[in-house]
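Okay, thanks for coming, everyone.

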Amino acid sequence: MTDFRNLASTAAALAAEHLETLAERPVYRPVPPADREWLVGQPLPEEGRPLDELLEDVSRRVMGYPMGNGHPGFFGWVNSPPSPAGVLVTPLAAALNPSCAGGEHAGPLLERTVVRWLAELVGYPGGGLLTSGASMATIVALAAARHRAATEDGWDVRAEGLAGRPPLVLYVSAEGHSCLRKAAELLGIGTRWLRTVPVDAEFRMDPDALAELVRADRAAGLRPFCVAASAGTVNTGAVDPLDEIADVAAAHGLWLHVDGAYGALGALAADLADGFAGLARADSLALDPHKWLGVPVDCGCALLRDPDRARAAFSLVPAYLRDPDADEFGWFAEYGPEQTRPFRALRVWATIAHLGRAGVAGLVERTVGLAGRLAQLVREAEDFELLAPVATSIVAFRHRPAGGGADLNRELPAAVNARGRVFLTGTNLGGTEALRACILHPDTTEDDLVALLAEIRAAAAELAQLSSTQTSSPRTATG
């Protein structure tokens, strides 16, 4: 174990150096051919190799090519930097290596606390379990909703499936996350019975349109069972009018699910709290500690007003898993599809315990403030256009330089990222190609926002020069 102790110190030093020097290095750089071939093409080794050699490979071939989300100039997708506390305890969770399906040991017991903490942070009156992410949390929630609807109609969906029953209809916003469609497919609901609810000018679900769709489906003999609202969409960070949607759900007997994977923690920001009114009325809520909170991936959470709804949908305890000492809660494996479950709770516990409620709220408010400042910079610039209100910490906008082509904003993210100074992703909003900046890093500054716009302008100029060169090049005759 002496060698392991020394090598563990080396690994810790690699991690510390990576985190300490991130801001000095490019946000992103392509993997050169030789290292790419090593990463994807290694043959299965016949003989084992010493651990020190493996660490050398990681140092040379892996650490230099990160996704980029640890850098304060990373504005892509919804990917946070890792919390230092979470990084610190991750090797300890791996050393214990428990299955947190259940039982009387530290992993599942600590998970009860962190699930309660997450619910308290966002003001949600329920409990649940940690998952791999919001995609799995959504499956848990919609399975519970499906089971409730079947039970209310007098049939056992777990035994009989969906065949021969009126189709269950799920309602999602036009801005809803793709995991909702995947869940509908996996649970046998089918995308044919997934209704897309229109959004308003601020990209929020229209409650009146929702009510009309539900009434029409009931009149057609279908079975509306669930509406999935958003508390922070990926495209713009929009928060649906949750209270009004909850009214529609209550009036029509629908299960209300809220996708708060990214945005639910926005409820902690004083200026945003009113926009989250109605969140506590949801039957289920998905949120991702590995997004705004910065818990190292993977870590999602499924919260339910009545966790026993999930237990009814999933509980299966074969003889070899019976635990006569289990309390009334039972095992986490009864509340979702995963049996073997990793020790995610330690990363969540360390992150929240290190920050405290005040620290989490401070992180949210700081990044929301920076998003507001970026929106202001966009509005003040003649060559940029803001495309949506800033509701959380995402800014959707586009670049409109003189002479810019129709496809410019589609091409810009790759061109910006290739320069290595900032990282940006794009999307499409109502048919308009858009750029979007998601601000989650606690060390991002206003200088980084200024650099982002400068890099977009520089990349656009490079694209224009390239286009001009290609247009002016003599064409090669072909026979």
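So, a quick word on angles before we start: axes are lines fitted to C-alpha atoms, for helices over the stretch in contact, and angles run from 0 to 180 degrees between N-to-C directions. Helices (H or I, at least four residues) and strands (E, at least two) are DSSP runs, numbered from the N terminus. This is a predicted model, so local features need pLDDT of at least 70 and side-chain atom pairs count only at pLDDT 80 or more, while totals for chains, interfaces and linings use all residues. Residues are numbered from 1 along each chain as its sequence is written, and side-chain values use heavy atoms, with hydrogens and water left out.

Let's begin with helix packing. Helix 1, residues 2-21, and helix 3, residues 51-61, have axes that come within 10 Å and cross at roughly 5 degrees. That makes helix 1 roughly parallel to helix 3; the naming rule is that angles under 35 degrees count as roughly parallel, over 145 as roughly antiparallel, 65 to 115 as roughly perpendicular and the rest as oblique. Who makes the contact (heavy atoms within 4.5 Å)? From helix 1 you have Leu7, Thr10, Ala11 and Leu14, and from helix 3 Leu51, Asp52, Leu55 and Ser59. By class, that's five nonpolar, two polar and one charged. For those classes, Ala, Val, Leu, Ile, Met, Phe, Trp, Tyr, Cys and Pro count as nonpolar, Asp, Glu, Lys and Arg as charged, and the others, Gly among them, as polar.

Now on to helix 12, residues 345-380. The axes of helix 5 (106-122) and helix 12 come within 9 Å and cross at roughly 45 degrees, which makes helix 5 oblique to helix 12. Helix 5 passes helix 12 in a left-handed crossing. On handedness, a crossing is left-handed if the near helix is turned anticlockwise from the far one by less than a right angle, and right-handed if clockwise. The residues of helix 5 in this contact include Trp117 and Leu118, and those of helix 12 include Trp349 and Ile352. The class count here is eleven nonpolar, one polar and three charged residues.

Helix 12 also meets helix 4, residues 84-96. Those two pack at an angle of about 150 degrees with their axes 8 Å apart, and are therefore roughly antiparallel to each other. This crossing is right-handed. Helix 4 brings Ala85, Gly86, Val89, Thr90, Leu92 and Ala93, while helix 12 brings Leu346, Arg347, Ala350, Thr351 and His354. That works out as six nonpolar, four polar and one charged.

Seven strands form an open sheet in the order 1-7-6-5-4-2-3, and the pairing is mixed; two strands pair if DSSP finds at least two bridges between them. Which strands sit at the edges? Strand 1 (127-131) and strand 3, each of which pairs on one side only. The twist averages 20 degrees from one strand to the next. Strand 1 pairs with strand 7 in the antiparallel sense over five bridges, and Thr131 has Gly300 of strand 7 as its bridge partner. Helix 6 (134-152) packs on this sheet, with strand 4 and strand 5 among the strands touched, and its direction makes about 150 degrees with that of strand 4. Helix 10 (242-252) packs on the sheet too, touching strand 4 and strand 5, at about 175 degrees to the direction of strand 4.

At the other end of the order, strand 2 (168-173) and strand 3 (194-197) are parallel, paired over four bridges. Tyr171 stands opposite Arg195 in strand 3.

There's a second open sheet, four strands in the order 8-9-11-10, with antiparallel pairing. Its edge strands are strand 8 (384-386) and strand 10 (425-429). Neighbouring strands here are turned by 45 degrees against each other on average, direction ignored. Three bridges join strand 8 to strand 9, and Phe384 stands opposite His399.

Most residues other than glycine have a negative phi, and most peptide bonds are trans. Val297 and Asp298, though, are joined by a cis peptide bond, with omega about 0 degrees; Asp298 is in the loop between strand 6 and strand 7. And Asn97, in the loop between helix 4 and helix 5, has a positive phi of about 50 degrees although it is not a glycine.

Key. Contact = heavy atoms within 4.5 Å.
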